[in-house]
Every structure is written in structure tokens, then in C-alpha cells.
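Please walk through this structure as a tutorial, one feature at a time.

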Amino acid sequence: PLRINGVKVYSENVDKRQIIMDLQISYVGNTEIDVDVKRYYCRAGIKSIQLHGVLRVILEPLLGNMPLVGALSLFFLKKPLLDINWTGLTNILDIPGLNGFSDHMIQDIISTYMVLPNRITVPLIGEVELAQLRFPMPKGVLRIHFLEAQNLEVKDTYLGGLIKGKSDPYGMLLVSNQLFRSKTIKECLHPKWNEVYEALVYEHSGQHLEIELFDEDPDKDDFLGSLMIDLSELHKEQKVDEWFDLEEVTTGKLHLRLEWLSLYPSAEKLDQVLRSIRTNENLSSALLVVYLDSASNLPTNPLDFNPDGPKPPYKGLKSGKKVSIDPNPFVKLTAGQKMYTSKVRYKTSEPLWEEAFHFLINDPRSQELEIEVRDSKHKCPLGSVRVALGSLLKETDMTLNQQFPLQNSGPNSTLKLKMALRVLCLEKEVTSSQPSSVRVRHTSQNNTCLSPQPQTATSTSNSTIIQPLHNPSCTLASDTSQGKRGSDGSPVRLAETGRSVSSLEISSSHKHQSHRDSTPSLASDISLPSATLELQQRLQQLQNGSGLSQYPLGEVQLTIRHSSQRNKLIVVIHACRNLIALSKDGSDPYIRLYLLPDKSRSGRRKTSTLKKTLNPIYDQTFEFSVSIVELHRRTLDVAVKNGGGLLSKHKVLLGKALVDLPSEDISKGLTQWYHLTEDGSKKIIQT
């Protein structure tokens with residue numbers, strides 16, 4: 001059955017006439033769905049479906065009598081994670097480029113119905129105005145000044161890392177389902193973008209501004225850091241101008257100026273707003289919301305109203321009369337550079353759309369809304385309407401709800417629209433000199449200089465207040481040395497969101513494959529019999545001695561956490577202790593990771609080698625691209641090995657640990673010591 005893993009009810013900054021709840025839902029179900037497309041001789045089926053996401057439930061309006069609530073609205077704050085186990089089409093869908101293609105299509109379909117700004121609304125009483133609940137006015141507009149960054153990591157190196165170059169940074173910004181990409185600054189660690197973006201915010205509670213920086217490369221872009229800013233705190237502050245430390249990297253900071261623009265239903269402040277944005281014609285002074293309701297009496301023979309050329313003859317004639325042909329109408333709406341297209345309604349002259357569209361307007365006094373009704377079957381117009389936005393300024397609450405007669409259409413053809421204009425105004429004009437309370441959601445722990453002592457697992461979901469840096473001026477600092485980040489950080493979440501690509505690309509052939517019985521690659525430990533044999537001989541020698549502990553191979557300390565925002569498994573290797581010595585000077589240990597069953601060379605992660613020590617401290621972070629729904633099928637393979645030189649006889653395995661990945665607690669982060677054994681059997685000694 002559907003599971004609800006957590007419930008959050010909002011009690012601050014919400015309308016008292018409504019209840020807002022966030023439900024963390026998980027559905028893991030076995031299904032028997034068969035699909036047979038006879039025309040293409042195609043047969044397929046679905047054996048199981050997994051769906052994970054945060055579902056928001058809004059109960060409004062609250063009533064004084066039964067049923068206590070007027071309507072129920074449901075939507076996902078962002079695209080849910082989806083995993084489908086296909087049968088019949090498995091081999092086709094495993095082809096590179098098609099892997100996960102079906103899941104992405106279904107995710108897009110879900111988004112058109114249930115991901116913000118779309119929602120499902122269920123009325124519980126007849127008097128509720130359904131359109132207002134289904135298409136509420138946005139809470140505000142977030143204006144993002146994406147200014148500059150400093151001290152970014154060096155990602156472009158030459159001659160195997162001997163010569164350090166620079167990076168080619170760009171940014172990806174995500175607010176709900178609105179994605180923005182900045183320009184790329186070539187060969188610069190202190191880039192200045194000075195770009196501005198405007199995003200509609202439908203729900204500020206539980207929403208975040210997500211920013212990721214990447215180094216642009218011909219093959220795969222490198223990760224340079226991220227930020228996740230709570231919009232509810234930003235709504236309180238109204239205006240923030242700060243430097244923020246980048247998360248999940250050792251160096252780098254980002255300068256942002258964020259402005260919360262409220263929506264005003266009167267034109268009193270329009271002149272003031274227009275003066276404030278006159279230096280930048282790309283900024284907006286108003287928001288236009290258009291609710292497309294329906295059309296009436298559209299031409300039943302749409303070819304009669306084709307002004308672009310001669311009317312082609314009708315194919316069907318009965319008794320010398322024309323056969324009535326119902327159109328397939330849809331609507332194109334254009335304001336400025338933005339154009340939207342409605343859904344197509346088939347074979348009807350009385351279409352009902354019930355869709356809402358939003359336009360950011362630079363100057364409503366000089367712009368107009370162009371609406372054209374077209375027939376998708378015959379590719380011809382059915383009528384048009386032009387509305388000067390300046391006329392809305394004189395209406396009550398700048399709102400207009402009426403039937404508009406269509407031009408170049410039938411004699412009684414009309415289009416029913418509701419339009420509302422709102423002025424975008426910054427309530428708080430002056431930025432306070434005090435540090436703001438804007439919260440940055442930390443996506444990883446600060447693992448610098450951790451001692452190899454037992455540590456307590458800490459929840460990383462708690463927000464932390466970030467203070468502004470005391471030097472916001474743009475001075476070119478000297479290049480800092482690059483910290484070790486042993487990941488292949490690639491733009492998985494934000495960059496692929498724009499291409500409607502998910503990282504839930506799970507090969508069905510791996511789903512039931514045993515981790516420990518998988519075929520080893522040439523780079524794996526068990527493919528080297530001499531390494532295992534030498535380890536067993538060394539263990540025998542140690543066990544024949546005296547004063548040995550119960551587990552003579554030592555321990556390794558790991559922090560393991562999964563980031564659902566980035567679909568990444570994050571592994572921090574802190575330290576080892578009490579390793580076995582292979583010479584009088586100790587050992588030269590390094591650690592190798594695999595996320596089983598993947599034992600390919602590209603799936604291998606490796607720390608640096610530390611010389612002559614039995615208690616090495618690494619504090620290095622590694623990442624694997626994997627979804628939360630796939631974790632129960634994966635095992636982390638940790639091997640501590642002795643480096644030595646190229647021809648060293650001591651280049652052997654020192655011990656192994658195989659770590660299962662529980663999906664319940666791993667999102668909070670687990671820090672534990674694991675015993676090293678010769679076969680990798682899991683033994684946890686301290687948490």
C-alpha cells in the first residue's frame with residue numbers, strides 16, 4: 001500500500017482559512033499490467049512501480065459545518081522519483097540513450113497534472129469557485145541577481161594534474177519547475193556574470209532556490225559547488241544582498257542579490273516601479289495572469305475563414321450541400337517575447353479549456369495581449385482578439401472577466417477570458433546592514449580535519465544560518481590550492497532537469513543480480529588471486545602471534561548519506577586505524593570504493609595514498625549517481641589496499657568491508673566505524 005513516511009503541517013505565515021500539509025509518500029507496488037499494440041506487433045508489461053516524492057495537500061476554505069472543508073488541492077512540489085520495471089521492452093529500453101526514456105515521459109505527464117503550478121482540485125461542496133482554487137494567484141515573483149563568484153575550484157588541469165589551469169564556470173538555477181542557465185565565463189576562477197532572472201513563486205513555504213555551479217567541458221561538466229536557499233525566510237527578509245559559501249566543495253563563494261516582489265492589485269505604484277527598472281528593459285513591472293475558460297460558436301467549417309489563400313474544396317458533399325466539419329481548436333497567447341499554446345480540444349465548436357497562463361510584463365501601458373484561436377487539423381485560424389493591457393489599469397482590482405468577440409471568425413463567435421494584472425513592487429527598498437536570517441539548507445557536513453574518533457550521526461536536513469562575509473567587494477584573491485573532492489560531479493539534477501532527463505536510469509539486468517556473485521573486472525580485488533592469498537598468509541602469521549585484538553585487520557570510518565535533491569550517494573572516508581604493517585615502516589594505505597554491482601573502471605573511486613602509517617586520515621568525499629529507490633539493491637564495497645611503488649612486492653589488499661545501504665536512515669547521514677575482514681563481511685563496532 002501507499003506509505004506516508006512523514007507529515008509536516010505549516011502553522012506560520014499561512015492563511016488561517018486553510019490548512020497546508022506536506023506528505024512524504026512512497027509507493028512500492030507489484031503490478032500486472034500488460035500492453036499489446038497489435039498494429040506494431042509490440043507487447044510489453046509492467047511488473048513493479050516505485051514512486052517517491054513530497055505531496056502537498058491544501059484544505060480550503062475551512063467551514064463552520066460539515067464537511068468542514070470546501071475543497072481539497074493536491075500537487076507535488078517537484079517531480080517525484082519514478083522507477084518502473086518493464087517486461088517485454090527491457091532489452092530495447094536498456095539501449096544507451098533510451099534507458100529511462102519511458103520513465104521520463106511518464107514523469108512529464110505527471111508534471112502536466114500534479115507538479116507546481118499544476119494541481120488536482122477536488123470540490124467537496126458545490127459553492128466553491130473551482131477555477132480560483134485550481135489556478136490561484138502566485139504568492140510573488142523572485143528576482144535573482146546572479147552577480148559573481150570568487151575562489152572557485154580549479155578543474156581544468158594538464159599533464160595529469162602537474163599543471164593547474166582554471167575553470168569555465170556557469171550556473172544553473174532552479175525555482176520549482178523554472179530553470180535558468182547563465183552564460184559561461186571562460187578560464188576564470190573569479191567570474192562576474194551580472195545577470196538577472198525572474199521566477200514565479202506559487203508556494204514559498206517548503207520551496208527552495210537551488211543553485212549549482214559547473215565547469216563547462218567538452219565531455220562532462222565538473223561540479224563547482226551548490227546552494228539551496230529557503231524561500232520562506234527570503235519572503236520575510238524581502239531583500240538580501242550577501243556572499244554565500246558554496247556547499248560540497250572546499251573553496252568558493254557566490255554573490256547574490258535576491259528581491260521578493262509582492263503583487264499589488266492597483267496601479268498606484270506603477271510609475272515608481274517603472275522608474276526603478278528603466279535602466280534594464282529586461283526587468284518586469286507587472287504580472288499578467290490569463291485564465292482561458294472557453295469559446296462559443298466557433299466556425300463549423302473552419303476553411304471558410306482561412307484568409308491566407310483560396311478556400312480548398314470540401315471532400316464530403318451530400319445533396320450538393322457542404323458537410324459540417326467541427327474544428328480541433330487550440331489557442332495561442334502572446335505578450336512581448338513570451339508565447340503559450342493551450343491544449344487541443346478535438347471535434348468541437350464549443351471548446352472548454354480551463355487553463356491559466358502567466359506573463360511577466362515590462363510596461364503594461366505600451367504592451368498588448370494577442371490571442372489567436374486556430375484549428376490544429378486544417379492549420380488555419382478560427383479568429384483572434386487583441387487586448388491592450390493599459391485598459392486593465394482602469395478596471396476594479398485591475399481584473400477583467402468577460403466574453404470577447406472574435407475577429408475574422410463566425411458572426412457570434414466569442415472567447416471567454418479572465419485577466420488580472422498585478423504590479424510587482426518591492427516592499428522593503430533598503431537592505432538592512434544587519435545579517436539576514438535567510439537560511440541555506442546544507443547538503444553535506446563539514447568534514448574538514450575530522451579526527452578518527454567515533455562520531456555521532458548528525459541530521460543534515462536542519463537549516464543553518466549563514467552569515468554574510470565581511471568582504472563583499474570584488475577583489476581578485478589569489479588562487480587557493482584545490483582541495484580533494486574525489487567525485488565525478490556532473491550536472492545531474494539541475495542541468496538535466498531542463499532536458500527532462502532523470503538520473504533514475506536503472507538497468508533491469510542489474511536489479512536482481514547478486515552483488516557478491518557478480519563477474520569481477522580486471523580492476524577488482526577478487527580478480528587478483530595473489531592479493532587474497534597473500535592477505536590470508538599474513539592473517540595466519542598475525543594469528544600465530546600474541547597480544548592481538550579480536551579483529552587484527554583494523555577499522556575504517558565512513559559517513560554515508562544520500563542527497564535526494566541531487567540523486568547522489570555521498571561517501572566521506574574519514575580515517576583508518578590499527579591497520580596491519582607490511583614492513584618495519586608500516587604500510588602505504590589507500591582506499592578503493594565500488595558501488596556494487598557496478599565494478600567498471602568508471603565506477604571506481606580511490607583516495608590518495610598515505611605513506612608509512614597505520615592510522616591514516618583522509619577526509620575525502622566521493623559521489624555515486626544513484627536514486628533513493630535503487631539503494632536497497634546496491635552494496636558499498638570498501639577495500640583498504642597498500643600502495644607501494646610500481647614494482648613493490650607489498651602492493652596487496654589490507655582488508656575489506658561490504659556495507660549495505662538502508663534507504664530509511666541514509667538521508668540523515670550515518671557516521672560509523674566498520675571492521676575490516678578478509679572477505680568483507682560487515683561488522684559495525686561504533687556509531
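Q: Where does P138 lie?
A: Helices (H or I, at least four residues) and strands (E, at least two) are DSSP runs, numbered from the N terminus. P138 belongs to the loop between helix 3 (130–134) and strand 7 (140–150). This is a predicted model, in which local features need pLDDT of at least 70 and side-chain atom pairs count only at pLDDT 80 or more, while totals for chains, interfaces and linings use all residues. Residues are numbered from 1 along each chain as its sequence is written, and side-chain values use heavy atoms, with hydrogens and water left out.

Q: Is P138 buried or exposed?
A: Buried means under 20% relative accessible area, exposed over 50%, and partly exposed in between (1.4 Å probe, protein chains only). P138 counts as buried because its relative accessible area is 4%.

Q: Which residues is P138 in contact with, leaving aside its neighbours within four places in sequence?
A: Contact means heavy atoms within 4.5 Å. On that basis, P138 is in contact with V201, Y202, L263, L287, V289 and H358. As for L287, it is 149 residues from P138 in sequence, yet the C-alpha atoms are 9.5 Å apart in space.

Q: How many residues of strand 17 are buried?
A: In strand 17 (residues 286–296), 11 of the 11 residues are buried, so the strand is largely enclosed by the rest of the structure.

Q: Which strands does strand 17 pair with?
A: Strands of a sheet pair through backbone hydrogen bonds, either parallel or antiparallel. Two strands pair if DSSP finds at least two bridges between them. Strand 17 is joined to strand 26 (residues 414–426) by 10 bridges, and the two run antiparallel; here S296 stands opposite T414. With strand 22 (residues 352–361), strand 17 pairs in the antiparallel sense over 8 bridges, and V289 stands opposite H358.

Q: What is the order of the strands in the open sheet of 4 strands?
A: The order is 21-20-23-24, with antiparallel pairing. Strand 21 (338–341) and strand 24 (380–388) are the edge strands, each pairing on one side only. From one strand to the next, the twist averages 15°; axes are lines fitted to C-alpha atoms, for helices over the stretch in contact, and angles run from 0 to 180 degrees between N-to-C directions. Within this sheet, strand 20 (residues 329–335) and strand 23 (residues 368–375) run antiparallel and are joined by 6 bridges. The bridge partner of T334 in strand 23 is E370.

Q: How many aromatic pairs does a search of the whole structure find?
A: Rings of Phe, Tyr and Trp (its six-membered ring) pair if their centres lie within 6.5 Å; planes under 30 degrees apart count as stacked, over 60 as edge-to-face and the rest as tilted. The search finds 7 aromatic pairs. One of them is the edge-to-face pair of F214 and F223, at 5.9 Å centre to centre with 65° between the planes. Both F214 and F223 are buried.

Q: Where does the charged end of R181 sit?
A: A charge sits over a ring if NZ of Lys or CZ of Arg is within 6 Å of the ring centre and within 35 degrees of the ring normal. The charged end of R181 is over the ring of Y170, 3.8 Å from its centre. Likewise, R605 lies over the face of F624, at 4.6 Å from the ring centre.
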